[in-house]
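The following report concerns the structure shown below. Please read it alongside the sequence.

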Amino acid sequence: MKKFLIPLVFFFGLVIFLAVGLQRDPREIPSPLVDKPAPEFKLFTLANNEQQFGPQDMRGQVWMLNVWATWCVACREEHPLLVQFSKENNLPIVGLSYKEVQPQDEPPGSKMTPQAKRDLARLRSEKWLRSRGNPYVVTVLDLDGRVGIDYGVYGVPETYVIDKQGVIRYKLIGVMTPELLAQKILPLVNQLQKT
Amino acid sequence: MIPELGHYALILAFWVALAQGVIPLAGAATAQTAWQAMAKPAAAVQFGLVLLSFIALALAFVGNDFSVLYVSQHSNSLLPTIYRFAAVWGGHEGSLLLWAFLLSLWSVSVALFSRSLPLAMSARVLGVLGLISTGFIAFIVLTSNPFERLLPAAADGRDLNPLLQDPGLIIHPPMLYMGYVGFSVAFAFAIAALLSGRLDAAWARWSRPWTLIAWVFLTFGIGLGSWWAYDELGWGGWWFWDPVENASLMPWLFGTALIHALMVTEKRGGFKAWTVLLAIGAFSLSLLGTFLVRSGVLTSVHAFAADPRRGVFVLIFLATVVGSSLTLFAWRAPQVTLGGRMGLISRESFLLANSVLLVVATGAVLLGTIYPLVIDALNLGKLSVGAPYFNTVFVPLLTPVLLLIVPGVWSSWKEAQWRVLFHRLKWVALGSVLIAGLVPAWLQMLAQGDWTPTISLGLLLGAWIVGGSLLHIVDRLPKPGRVPWSYWGMHLAHLGMAVVVLGITLVKGYEMERDVRMGIDDTVSLRSYTFELKTVQEVDGPNYKALRATLDVKQDQRVVAQLQPEKRHYFSSAMPMTEAAIDTGWSRDLYVALGEVVEPHAQTHAAQWNLHFYYKPFISWLWAGGLLMVLGGLVAALDKRYRRAASQKDSH
């Protein structure tokens, strides 16, 4: 009686899809920004209040944008890898410090001034980079998260590869891994640097 | 030392479970009674060992032993003791241990209450349970050991996810798992019946109370989860069609179909193959749910850090258990005899129609849940399936199921008459149509909200079930003969379903929300209620600081409630948590959540906050209906029929 085999056949179809699904990473979300120009911004750098920095300053170079914050637990995991990578490769990494000052850091019932927020963010970020190493050529402060919105930041950390023309070529949501760096990012960067 | 003992007990439990799985099944196949008799003591020993292991982990949590990796990841010395205990199942490893513990609890219960079963049958049932347990304990020991040490020990733990620090969440996972794991008993009975080749009414009678109790736990667990989401997530929702919620809904739908099909098999000897398939399906869906949650193939609000080894292990386990049982089914089912003849209009036909519809509904939920995965596997891109899909397919599929409840209850077995049914139910039908038309019109006149077809449909279904069931009770009571418990159980559960349907209809049709920024002494109105913000203060909790707003709720100038929503900042977490304040009533909930501090008022410079207000009419009917269903299931499971069957067998 063939009809009694139907559930079994159906189930094995399901298992095949589940097995293929296991090989995929649901966090790897294609961004509508890939192959689009990186959104422009002008933000204060971590170093001081005089200097502003934007993607236009990186024109003509292939570079990487890494979104991070000191409160982000996963960034702690990723950081040593970035430090090592920055020493071994000639690829500038720009840090985007994302919403460093969280609402609960502010005294209840009141708002901090932008300058006070910047000072607090600098204090915490510099301490963090001093103790863990600094992989970034420059870090900019996105305190209100507006640039994060333009870039569609989904969770911290995130990493973008941007080419010489300022076009986003790759986006990763979540923690960088040595495999991703070796298999995806380095080949992509080499190819982009040749063109 | 204690964690090592726990680990050791778990490894021993693995070998005992393996013995419990292999020896009695081999004994049943070769008719060796001594081997079959091994099943019960093995189940008892296995239970003792897993219990020991569970206690060891609980002691590590309660005693703040942060040299255990899992404890340091999910607990904190500031955490209140009750949450430290609940943190045992706050993460992946511990919730698997809970799974294994509950499985051994079900096994030992089967061993205790199966004295009326023939030895070979109980040996096969316990053997199947032992094999499942072997797989699960192996999964824990090989890929997810909760007793792994962290040396040097952490000074303090990372704390339990603040979202899980809620009384509802202490009992939600155990209840849900009791349901999931409980279906393993119905599954084991079905496999045992297939193995023995005796798929008869006795099999259905034995497994029915077990299935009912598993279904009761699952219903309670789902209801509790939904209530927790409503209470804790702070945006007034109660069901999100999240993959993990779907993973619990699918076995529930199958289990509901199974309970009804078992009745037909027990009473009429019909649908035997179908019932066995449902029993295999209900447990397979529980395993699939475990796979979806634990492997990380899907992202959801419940997603857990994924380890590829774990996903592969669960998938192989799933393929082995379900694949082998479906193969057994394909091999043995063709030999099953058909049951008694049934008419087109009969209780059997209505029950069959409903169980098919429930299975189709499960298929629709399964499709929506794994569709993103299938599309990704076929390299067609990434997408997610949301509530609009589920609402679109689920409502049309469940509408006939709910409609057929009433004729199903009223029809006799074998053959019923259309004319008699029509004659009996015409007034109920007319009354339901009137309610479905008039109530929304009346509410619209009172400016409570606009009419939509869904409101009328929901009211029609709810009124139809309530009317049909109550009329049946009124009709039954004067007749002679004792009314069995299962009769009351059935009506309680059906009425519970109607109450849930009415609650969903009214809350979806007439809910209201407002999102406003307020300063002290500002007021906002929702329907006939006025909310006034009195104070916002800072308060200290055991492991958090909070901002607490106090609001007076007035109706007709009288204060009817005081609400205190909070915004909590747990010391261990960057994310602020919303603690909504809810004033619950039988006909409405008032729900307030405190949002962010916003910029001070432009002119007065007074502080302002964002507040979210919800008016949720009849939402408490959802949980009340769920409780009625739970009660109905319990009453039905305690029916004397099952106990009498047991004592008769004893006296032989």
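A residue is buried if 20 or more other C-beta atoms lie within 10 Å of its own, exposed if 12 or fewer, and partly exposed in between, with C-beta atoms placed from the backbone. Helices (H or I, at least four residues) and strands (E, at least two) are DSSP runs, numbered from the N terminus.

Leaving aside residues up to four places away in sequence, B:Phe189 touches B:Val125, B:Trp203, B:Trp206, B:Ser207 and B:Ala279; such contacts require C-beta atoms, placed from the backbone, within 7 Å.

## Conventions

Residues are numbered from 1 along each chain as its sequence is written, while chains are lettered from A and ligands numbered from 1 in the order in which they are written. Because the model is predicted, local features need pLDDT of at least 70 and side-chain atom pairs count only at pLDDT 80 or more, whereas totals for chains, interfaces and linings use all residues.

## Chain B and helix α6

Chain B has 19 helices and ten strands. Its radius of gyration is 27 Å, close to the 26 Å that the globule rule gives for 652 residues, so chain B is as compact as a globular protein of that length. The radius is taken over C-alpha atoms, and the rule is 2.2 Å times the number of residues to the power 0.38. Of the 652 residues of chain B, 52% count as buried.

In helix α6 of chain B, 18 of the 21 residues are buried, so this helix is largely enclosed by the rest of the structure.

## Domains 2 and 3 of chain B

The domain assignment, automatic or from a database, gives domain 1 (1-165), domain 2 (172-412), domain 3 (417-510 + 623-652) and domain 4 (512-618) for chain B. Contact between domains 2 and 3 of chain B takes 20 residues from domain 2 and 23 residues from domain 3. On the domain 2 side, α9(B) supplies the largest share, ten residues.

Key
Two residues are in contact if their C-beta atoms, placed from the backbone, lie within 7 Å.
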